[in-house]
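User: I am new to this structure and would like a close look at one part of it. Please start there, then show me what else can be said.

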Amino acid sequence: MGKTDSTSKLFYSKPKNFLSIVKLFYPDGRLTEKSLQDISENLLVMIEQLMEEKGKQKKKKIMERHRDTVKMIRIGKERIIVGIENQRYMDCSEPVRVMLYDAMEYERQRKLIQWAHEEKRDLRDDEFVAGFSTKDRLIPVTTIVIYYGKEPWEYPERLSDIQENADSRLSILREYVQDYGINVIDVRRLTDEQIEGIESEVKLLFGYVKHDENPEKLEEFIQKNREEFQRLSKETYEMIAVMTETGKLLEIMKNVEATGGYNMCKAIDEMVKAGERRGMEQGMEQGIQQGETQLGLLISHLFADGRTNDVQKAATDERIRKEFYKEYGIVQ
């Protein structure tokens with residue numbers, strides 16, 4: 001698992017952060033952190049288990065997929081399973097990926113129901129063969145894709161967006177082909193009002209990502225939320241650094257002891273100062289190299305003109321050296 005996956009998993013495992021994402025789609029006042037329930041994040045069962053002959057032994061092949069984060073939401077007797085997937089770059093196959101995640105979750109539920117019936121031995125006839133009765137029900141599943149990329153997410157939003165649209169006799173059958181849509185939060189295209197309405201550290205993450213290429217807007221956002229940025233949780237600090245690909249923030253974080261939270265304002269100040277120091281050092285180095293080149297050129301001219309006595313003066317007296325530079329038209 002990469003740094004992005006592990007960081008986002010920890011960040012959205014926090015009930016308050018997870019709930020903030022759901023409420024962007026469904027701002028129901030009944031939704032609280034108590035409405036959330038953790039479920040298995042590893043979808044180990046593929047739609048079909050393939051059996052492969054290998055000598056005298058048979059080996060089971062299972063497709064394994066890991067969601068970033070998934071929880072069940074329960075309000076009264078109603079239930080729905082919501083998964084969150086994080087994307088830093090646009091994936092044009094996202095509808096297929098999401099459809100597979102959701103299908104595997106449905107298959108996981110079906111398997112659990114089947115195994116329960118096998119334990120109880122309570123089915124007959126066709127229901128026994130299927131392991132699923134007419135009274136059994138699956139919990140609805142949906143996935144929310146959070147996209148942090150710089151380019152707008154304009155394509156695709158449905159499975160049909162990446163299907164062939166050939167003009168042929170078979171096209172009449174397209175009305176019988178099932179489509180599959182995805183739910184996308186395009187972070188950088190959220191309005192300031194939408195971000196300000198988020199009641200968790202997701203607001204700080206989304207605001208930082210939205211403005212990270214506009215220094216003035218970013219500074220304005222940080223100052224507006226300065227108190228929160230001065231005591232960030234470890235997960236939020238890392239999430240901001242990873243999703244904006246700011247490795248320097250992670251380096252600074254390693255050398256900071258958090259007492260009451262990580263101070264990103266201080267980390268940014270250190271990052272800026274480090275950049276200024278590097279700029280000064282590079283400028284000094286370039287200046288030294290340029291001075292050495294100019295002095296070498298001046299000495300060459302002096303030797304060429306037979307002015308060996310002036311070489312020592314040029315090397316030791318700055319005032320005289322400047323006069324020689326002017327005389328020979330050497331730009332300082």
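User: What relative accessible area does Arg 110 have?

Analyst: Arg 110 has a relative accessible area of 24%, so it is partly exposed. Buried means under 20% relative accessible area, exposed means over 50%, and partly exposed lies in between, with a 1.4 Å probe and protein chains only. The model is predicted: local features need pLDDT of at least 70, side-chain atom pairs count only at pLDDT 80 or more, and totals for chains, interfaces and linings use all residues. Residues are numbered from 1 along each chain as its sequence is written, and side-chain values use heavy atoms, leaving out hydrogens and water.

Arg 110 has a partner. Its side chain meets that of Glu 107 in a salt bridge, at 2.9 Å from N to O. A salt bridge here is a side-chain nitrogen of Lys or Arg within 4 Å of a carboxyl oxygen of Asp or Glu. Side chains of opposite charge can pair when their charged atoms come close. Glu 107 and Arg 110 are three residues apart in helix 3, so about one helical turn separates them. Helices are DSSP runs (H or I, at least four residues) and strands are DSSP runs (E, at least two), both numbered from the N terminus. Glu 107 counts as buried, at 9% relative accessibility.

Helix 3 holds another such pair. Arg 97 and Glu 94 form a salt bridge at 3.4 Å, N to O. Both lie in helix 3, three residues apart, about one turn. Glu 94 is buried, with a relative accessible area of 0%. Arg 97 is partly exposed, at 29%.

Now look beyond the helix. Arg 189 and Asp 186 meet in a salt bridge too, at 3.0 Å, N to O. Arg 189 is partly exposed at 35%, and Asp 186 is buried at 13%. Salt bridges that share partners join Asp 91, Glu 94 and Arg 97 into one network. The whole structure has 16 salt bridges.

Next, the strands. Six of the seven residues of strand 8 (residues 141-147) are buried, so the rest of the structure largely encloses it. Strand 8 pairs with strand 7 (residues 78-87) in the parallel sense over seven bridges. Two strands pair if DSSP finds at least two bridges between them. Asn 86 has Ile 146 of strand 8 as its bridge partner. Strand 8 also pairs with strand 9 (residues 183-186), in the parallel sense over four bridges. There, Ile 144 has Asn 183 of strand 9 as its bridge partner.

The largest nonpolar core has 39 residues, and Tyr 12, Ile 146, Tyr 148 and Phe 206 have the most contacts inside it. Helix 6 (residues 202-211) gives the most to this core, with six residues. A nonpolar core is a set of buried Ala, Val, Leu, Ile, Met, Phe, Trp, Tyr and Cys residues joined through side-chain atoms within 4.5 Å.

Last, helix 7 (residues 215-224). Leu 218, Phe 221 and Ile 222 are buried there. Seen down the axis, the buried residues of helix 7 fall within an arc of 95°, so they line one face. The arc is that of the directions from the helix axis to the C-beta atoms. The face of helix 7 turned away from its buried side carries the exposed residues Glu 216, Glu 220 and Lys 224.
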